[in-house]
Structures are given as structure tokens and as C-alpha cells.
Amino acid sequence: MKPMAMAGVVLVVLGIAGLAFGRFSYSTDKQVVAMGPITASVTEQHHVDVPDIASVGAVIAGALLVFFSRRSA
């Protein structure tokens with residue numbers, strides 16, 4: 001498979017995943033207190049919203065990449 005077609009397939013899959021899930025979250029550990037050997041940390045949750053227009057754009061761009069890579073062969 002051509003690299004351009006593979007990139008297109010990846011974009012289509014990521015765009016569909018963005019439309020299906022719409023948001024993802026991750027957590028980070030943040031050190032709050034450090035006094036000698038005693039430390040305290042807090043786990044923070046971060047949420048990232050994926051815009052629908054970005055997901056649709058990724059699907060369209062991926063489909064175009066696949067189409068044009070097959071057409072030039």
C-alpha cells in the first residue's frame with residue numbers, strides 16, 4: 001500500500017474515532033508539598049474535547065488521499 005493511501009486510512013480511522021467518542025481524558029500527577037523526605041502529590045484529570053468539524057475534516061481529507069493515491073496508480 002502506498003504511503004499516501006496509508007496516511008489517508010489513518011486519517012479516516014482517527015476521524016471516525018473522533019466522531020464516535022468526541023472526548024478523551026488523561027491524568028497527571030502534580031507534586032503539591034515537598035518538605036524534606038515528606039512529599040504529597042495530587043492526581044489531576046484533564047479532559048480534551050475533539051471538535052466535530054475537525055473529525056469530519058479528517059474523514060474527508062483521508063478519503064481524498066485514498067482516492068487520489070489509487071487514481072494516480
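Student: How many salt bridges does the count come to?

Tutor: This is a predicted model, in which local features need pLDDT of at least 70, side-chain atom pairs count only at pLDDT 80 or more, and totals for chains, interfaces and linings use all residues. Residues are numbered from 1 along each chain as its sequence is written, and side-chain values use heavy atoms, with hydrogens and water left out. A salt bridge is a side-chain nitrogen of Lys or Arg within 4 Å of a carboxyl oxygen of Asp or Glu. By this rule the count is two.

Student: Which residue forms a salt bridge with Asp 49?

Tutor: Asp 49 lies in strand S2 (residues 38-49), and its partner lies in strand S1 (residues 23-35), 26 residues apart; strands are DSSP runs of E, at least two residues, and helices are runs of H or I, at least four, numbered from the N terminus. The N to O distance of the pair is 3.2 Å. The residue is Arg 23.

Student: Is Asp 49 buried or exposed?

Tutor: Buried means under 20% relative accessible area, exposed over 50%, and partly exposed in between (1.4 Å probe, protein chains only). Because its relative accessible area is 54%, Asp 49 is exposed.

Student: Which residue forms a salt bridge with Glu 44?

Tutor: The closest N and O atoms of this pair are 4.0 Å apart. Glu 44 lies in strand S2 and its partner in strand S1, so the pair ties together parts that are 14 residues apart in sequence. The partner is Lys 30.

Student: Is H1 roughly parallel or roughly antiparallel to H2?

Tutor: The axes of helix H1 (residues 3-21) and H2 come within 7 Å and cross at roughly 155°. Axes are lines fitted to C-alpha atoms, for helices over the stretch in contact, and angles run from 0 to 180 degrees between N-to-C directions. Angles under 35 degrees count as roughly parallel, over 145 as roughly antiparallel, 65 to 115 as roughly perpendicular and the rest as oblique. H1 is therefore roughly antiparallel to H2.

Student: Is Ser 55 buried or exposed?

Tutor: Ser 55 is placed in helix H2. Apart from residues up to four places away in sequence, Ser 55 touches Gly 15, Gly 18, Leu 19 and Val 50, where contact means heavy atoms within 4.5 Å. Since its relative accessibility is 3%, Ser 55 counts as buried.
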